[in-house]
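Here's a quick briefing to read alongside the model. Have the sequence and the 3D view open as you go.

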Amino acid sequence: TSNEPAAAPSSAAPQATTAGTDNDQPGEKVVIGFSAPAADHGWIAAIAKNAEAQAKQYSDVEFKPVEPTNDINQQISAVESLIQAKVNALVILPNDGEQLNQVARRATDAGIPVINLDRVFPDKLSYRTWIGGDNYGMGVAAGHFIGDRLKQAGVSNPVILEIQGIATLPLTQDRSKGFADALKTYGFSVTAQQDAKFTVESGTQVASNLLQAHKKIDAIWNHDDDQGIGVLAAIKEAGRDEFFMVGGAGSANAMRDIQADSGVLKATVTYSPTMASSAIKLARLIAQGKGMSDLVEQQVPQSITLASETITKDNAAQYLPLGFES
Amino acid sequence: MTPQDGTRDLRTGSGTPDDTPHDTPQTKVAARRPATASSLLGGIGQARHLGLVVALVLLAVVGLVTVPDTFATSSNFVSILALAATIGVITVGMTFVIIGGGIDLSVGAIMALASVWATTLATQAYGPVVMAICAIAVGTGAGLLNGFLISYGRMVPFIATLAMLVAARGLAQRMSDRRTQLVQPDNSALVELSTTRVFGLPLLVYIFALVVAVGWLVLNRTTFGRRTYAVGGNPEAARLAGINVRRHTLILYALSGLCCGIAAILIMARTTTGSSTHGDLYELDAIAAVIIGGTLLTGGRGTIIGSILGLLIFTVITNLFILNGLNTSDQLIAKGLIIVIAVLLQRRSLNTPT
Amino acid sequence: MTPQDGTRDLRTGSGTPDDTPHDTPQTKVAARRPATASSLLGGIGQARHLGLVVALVLLAVVGLVTVPDTFATSSNFVSILALAATIGVITVGMTFVIIGGGIDLSVGAIMALASVWATTLATQAYGPVVMAICAIAVGTGAGLLNGFLISYGRMVPFIATLAMLVAARGLAQRMSDRRTQLVQPDNSALVELSTTRVFGLPLLVYIFALVVAVGWLVLNRTTFGRRTYAVGGNPEAARLAGINVRRHTLILYALSGLCCGIAAILIMARTTTGSSTHGDLYELDAIAAVIIGGTLLTGGRGTIIGSILGLLIFTVITNLFILNGLNTSDQLIAKGLIIVIAVLLQRRSLNTPT
Amino acid sequence: MSDLLVMRGIVKQFPGVRALDGVDLDVRAGEVHCLLGQNGAGKSTLIKILAGAHQPDEGTITFGGEEVRFTSPIAAIKAGIATIYQELDLVAGLSVAENIFLGHERARLGFTRRSGMNRAAAELLGRLGHGEIKPTTEVGRLSAAGMQIVSMARALSHDVRLIIMDEPSAALAHDEVANLFRVIRDLTQQGVAVVYISHRLEEIREIGDRVTVLKDGRTAAVGLPARDTPTSRVVSLMTGRDVEYVFPKRPAPGAHDGRPEVLRVEGITVPGHVKDVSLTVREGEIVGLAGLVGSGRSEIIEAVYGARRPVTGRVLLSGEPVRPGSTTRAVRLGMGLAPEERKAQALLMNESVGRNITIAGLGKYSRLGWVDRRAERQEAERLVRTVDIRPPDHRRPVRTLSGGNQQKAIFARWLVEGRKLLLLDEPTRGVDVGARAELYAVIRRLADEGVGVLLVSSEVPEVLGLADRVLVLREGRVIHESDARELDEPRVLDMIMEGSAL
Ligand SMILES: Nc1ncnc2c1ncn2[C@@H]1O[C@H](COP(=O)(O)OP(=O)(O)OP(=O)(O)O)[C@@H](O)[C@H]1O
Ligand SMILES: Nc1ncnc2c1ncn2[C@@H]1O[C@H](COP(=O)(O)OP(=O)(O)OP(=O)(O)O)[C@@H](O)[C@H]1O
Ligand SMILES: O[C@@H]1[C@H](O)[C@H](O)CO[C@H]1O
Ligand SMILES: [Mg+2]
Ligand SMILES: [Mg+2]
């Protein structure tokens, strides 16, 4: 895919390879509508920025973003307004796939191809293509990293803590499930689990209470690197370092910490916002009726799942250009 | 006059210097000013809502200028109304509560709980009608509990309903296991409230209109409604006049809960789901609409029409932003400014003799 | 004159039908007891806070029984205080505003804006002292703007500060480009407020304590504090007693903004970041703490000690839940119940002769 | 005539106060029974018990021959007892008709019958001689007198055998009172009994049949004949001593002539209220403003105080201009105001008597903004004694004081040193005779100490008896100015009423 780290220029908004493929030659003019949750979080902000930056690359794309919102009711109206505007393709990162399913279905029924980003719609008739990260796989990757390390250190009955993001999101539950499943293969389980809200501040609050609850900890998996800054601050404040921690999503900041190897953060598992850039590319191709040039298929595939990769001290340098700024 | 007067009793405008109470006594026994008959009959009182109407018109002009093709289309109006419907129903209940001297912070949470309860598989087994009844019963029940804590438990409304907010969200999360519950295909009749159109408008807009109309009638034409002003404006006077202030207050919160139940039906129709995350921060939006609409936070004064106009202003602002594709941060900044301007306009229209 | 004035002033709760004057004989007991001496001279008035103290003690007992090893440790107490510090500072400002008859919904957003402004690379170039000054200046400035809109623009506080909430968050997002801004290593002196301990307590706890102490002194021992009660209790009477109500109100909001600026310093120290997401929903928490602490939402009555006790109750609840490994949903349900119980206990302690 | 109402041994205990300590009251059908007593004697408490608004701790009530127990206001109303409370009890946001019928609305299936109610309200208002009040007017837009009329109409809207009126005349002007008496006579002729409370003793003689006097929560006298009991006897029953309804001695005419002007008002105009008014007050002089309600007296006071901006003219205090719109500056320059509506405009209901007294003079008991609480307390104690607030406890919440004592507390607020000018707007409204005499003495003493006083009162004898110089106002203009001793009541009444019928 175009997401090969090597191909991406620096910064958090990796751009598509500009030269080479025919697909990037200007084609039929298309309008791409875009709707996502409110950008109150580094990852989501990166999503919005990547999408916009990608669209700017093309002279044949008119990018039509709508007000990001965390209110379902409003996101429904926003998507409705894009349907009314008769855009050629819609890229939607829904606040909740199930709740936005109906309106996405309406778009599809109206002949507008929907590119579903990240949080998935339950009904396949509601979208043309889904692209997103592997949430379950993320949990698995984190679980394996922690399991391996503890096994090697010969720890038995380890205290493993999990700090989730927003508990009510299905993706959180997928991540936790992957994590638990992977740990089980080592005979380990999660000792305590709390949810933060994807914000630095709630990360600090939850972590500082958890650190009180557990006087000795072996490992922590924190689902999200944005809130991770707060978690790390709480750890530093408490002066604790008897454990190691794994992050999630893959922010540049986390990667730098990992690379420096100066604190408890030893790894993070990716869930890259570059998927937004890809989603725009896909939307353009679909609207123009093209396929993906690296594939034999005439059309864009129905679903694309990004792999969740584990970034450690050893490969951090390689991934850093892809990291998003918190 | 004092800066806060807007929120204090007697005031017709918010803190207009020439409305200070001390000039009342000196004037004639009869009316000081030609009272606007409409305002006191609770009618659509043109004058008092002039500022709101002007603000709405200005927004419409902005829409016509910036996005002429998309703004003034009938489908866009439908979209605005559908967006306003859910919170609009809640705003009607909130108007009653605030005129009655209270406040209800739990509206969004109650709506969420009602939507979750109505979409459990157990409830869904009985079909859409039972689901709707369930939502209404849960909403009204939670409202009654609020009312009971406030009336008979003598809790401050802010705290009682805050407790309900927290507890209802927790319960909704627990019932739904924090998952989004889909309306089953068998029960899609419920969803049709949002998809079926009559004369171009989705059914849920009619429900919204019905709730507003009934709310208006109850507030302006029934003894219950008129007594609500007394209970909010001067509870001691209400008591001395033989009104059962406690029971009345209880009913007001139950009414607000009922509206949350109806709103739950609408949100289920619109999103096809029940979820513990529904209605997040609706309380702030609804209260803001009510207050922008001219209802005093201290009770005793206010109108349903004003609240709905206030709500429409917010909804149209959002709509305009969407249509113009503004970036979020700028949208927020602009929204703040627009609220300020709308309120200042409203004050001006109250100050100007009509 | 207005018919309501008499009864309006007598109400202790906003809209509780039973706080009407006829209940005076029962509910006002506390005010008339020997405690009156201290309450009226602004003392710590023990009796009035008894319910809160009892609630805190009960929570402590629960902690000792359920998690004896972790709850009653000194590091856990430190942790609770550090958690309470940020919002605690904001609560002090909020107490002033509410006693003065207003409300401030923008506290969390102002704190966020101040944290962002202070952590821009431009500001950070000048070192930690300038960062702190910047946070305080931004907070106070935003507070002044609130005060200005309310005092001189005559806007209802709820709406003016709601507009500020929205706009300040937007501005914070714009300035930070929606990113979390790290405190640079050069400026780690700021972070040391959270990591450096003196007599076992992090520096930021001392800052919190200082703000509470100064707030208490200002409210209880200065003419400004005295006038705050008058302005909130009866603004017209305050004005006619020669108090410049507008200027006073302006200062109250500036004070609240100042507290937000100080809170921004604390949150930067704790999280090592400035972010537009900081302080989300602080307004509700702070208002809830103030009201649980016995301050009237209608103004004219209240104490700083009560607010801080109210806040500690919330903080301890969260702490206990996490120590016990309970999930958020159950936490929410229990929190709702505990709020109700705390308030009922508090009422009881007011009614029972001491 | 048999007794319609018999109350025996009524006891009412409020926390810390025994408001009623075994009170008896007998009222006959068709009589006007006056209830007299000093501020705080327990009159309002007694009638609230009768109206079902308070529950007695002890005692019995027999009404129409049956022993009754009114557990709620509605129970008393149903039994045929209507009440006009001392504190107006209307709802500002509702119309006149809605207020009149509040609690017993005319409705069908819960829907109010507005036209029926409006018609009935118009009829009641007409019967009270106020057909000009429209039933659809919002009550918040009425004057205090208008509201009083509405309260009366509300009482009449019930089918009553007994009407209680707690100081109904306090907010009424002269002709209004005459009108009220006409209505009362009407009622009594139909056999309705009236319990009438007032501090204006001359009214008792005019309208009353019998008198019951309360003192300190006990019955001091029962059923005295109203016309044949000398006022001095009533007063001594009320106060426990002989108080003469006399005004303090004032200096000879012209005594102030050479003294510096404290206040100079030059041609102020407040649209709709005051037209080109000029006046002066000299050191030590009491200047009275006489006029009808609505003649612009309070507006003049407010303009002087900086609480209201005149469109033309200016106000000088000891030669310094007062800044329009700034009461703070007025206070700093040395003015004090006792406003007309004590609850709305002067009292801090949540606070103690002491803090109510010291709020305006905080600067006196503070340094760099820091309050010297000992000095404050001592001053509060001193002032409580000076104006004789009962009970003499500065820590008591001001809301628990009787109306008259609350007025004294406001008065005390301005007795701090350094005042050059006191503006007194209806300073004795609702204040009993005993306290009145004391207040008069205090006012004169202040004047003797050099303070200028501008006095507004609707009671012409008070203006004539207390002031040195009197300005008569009509419709916002000064129509007469002279030494108070050159005027008498009929002449002033003539002047202020002339043309007012138009
Ligand atoms: N709700 C209350 N709580 C405590 N004390 C009260 C309350 N109401 C009245 N009192 C006290 O009871 C006593 C009697 O008061 P009441 O109002 O009956 O006097 P009053 O004769 O009507 O006086 P006024 O002529 O000034 O109206 C006073 O000492 C008053 O302070
Ligand atoms: N917030 C305020 N509102 C209204 N008036 C004020 C206010 N602050 C000060 N003043 C005015 O200033 C005067 C004095 O106030 P304050 O006691 O605060 O300071 P001060 O007296 O100048 O100080 P010091 O007593 O040390 O000389 C008061 O009479 C008051 O009218
Ligand atoms: O899936 C994304 C990311 O994983 C991020 O951590 C938070 O927002 C969610 O939508
Ligand atoms: Mg009385
Ligand atoms: Mg001083």
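This is a predicted model: local features need pLDDT of at least 70, side-chain atom pairs count only at pLDDT 80 or more; totals for chains, interfaces and linings use all residues.

A polar contact here means a pair of N or O atoms within 3.5 Å; within protein, one of them must be able to donate a hydrogen and the other to accept it, and residues adjacent in sequence count only if both atoms are side-chain atoms. Residues are numbered from 1 along each chain as its sequence is written, chains are lettered from A and ligands numbered from 1 in the order in which they are written, and side-chain values use heavy atoms, with hydrogens and water left out.

**How the chains meet**

- Five pairs of chains touch, and the pair with the most contacts is B and C (contact means heavy atoms within 4.5 Å).
- Chains A and D don't touch: their nearest C-alpha atoms are 36 Å apart.

**Ligand 2, between C and D**

- Ligand 2 lies between chains C and D.
- It has 13 residues around it, with R227(C), N244(C), R332(D), S366(D) and L368(D) the closest (a residue is near a molecule or strand if one of its heavy atoms lies within 4 Å of it).
- From chain C, an N or O atom in the side chain of T223(C) is 3.1 Å from an oxygen atom of ligand 2.
- From chain D, R332(D) brings a polar side-chain atom to 2.9 Å from an oxygen atom of ligand 2.

**Ligand 1, with its nearest residues in D**

- Ligand 1 has 19 residues around it, and the nearest are G40(D), K43(D), S44(D), T45(D) and T400(D).
- S44(D) also has a side-chain N or O atom 2.7 Å from an oxygen atom of ligand 1.
- For H199(D), a polar side-chain atom lies 2.8 Å from an oxygen atom of ligand 1.
- A41(D) uses its backbone instead, with a polar atom there 3.3 Å from an oxygen atom of ligand 1.

**Ligand 3, in A**

- Around ligand 3 you'll find H41(A), W43(A), D118(A), R119(A), L171(A), R175(A), F198(A), D224(A) and Y271(A).
- The side chain of R119(A) has an N or O atom 2.5 Å from an oxygen atom of ligand 3.
- D224(A) places a polar side-chain atom 2.5 Å from an oxygen atom of ligand 3.
- For D118(A), the distance from a side-chain N or O atom to an oxygen atom of ligand 3 is 3.0 Å.

**Helix pair in C**

- Helix α7 (residues 74-99) and helix α16 (residues 245-271) of chain C have axes that come within 8 Å and cross at roughly 175°.
- Axes are lines fitted to C-alpha atoms, for helices over the stretch in contact, and angles run from 0 to 180 degrees between N-to-C directions.
- Helices are DSSP runs (H or I, at least four residues), numbered from the N terminus.
- α7(C) and α16(C) are therefore roughly antiparallel to each other (an angle over 145 degrees counts as such).
- The contact includes A82(C), L83(C) and F96(C) of α7(C), and among its partners in α16(C) are L252(C), Y253(C) and R270(C).
- By type, the residues of the contact of α7(C) with α16(C) are 16 nonpolar, three polar and one charged.
- Ala, Val, Leu, Ile, Met, Phe, Trp, Tyr, Cys and Pro count as nonpolar, Asp, Glu, Lys and Arg as charged, and the others, Gly among them, as polar.

Terms used. Helices (H or I, at least four residues) and strands (E, at least two) are DSSP runs, numbered from the N terminus. Angles under 35 degrees count as roughly parallel, over 145 as roughly antiparallel, 65 to 115 as roughly perpendicular and the rest as oblique.
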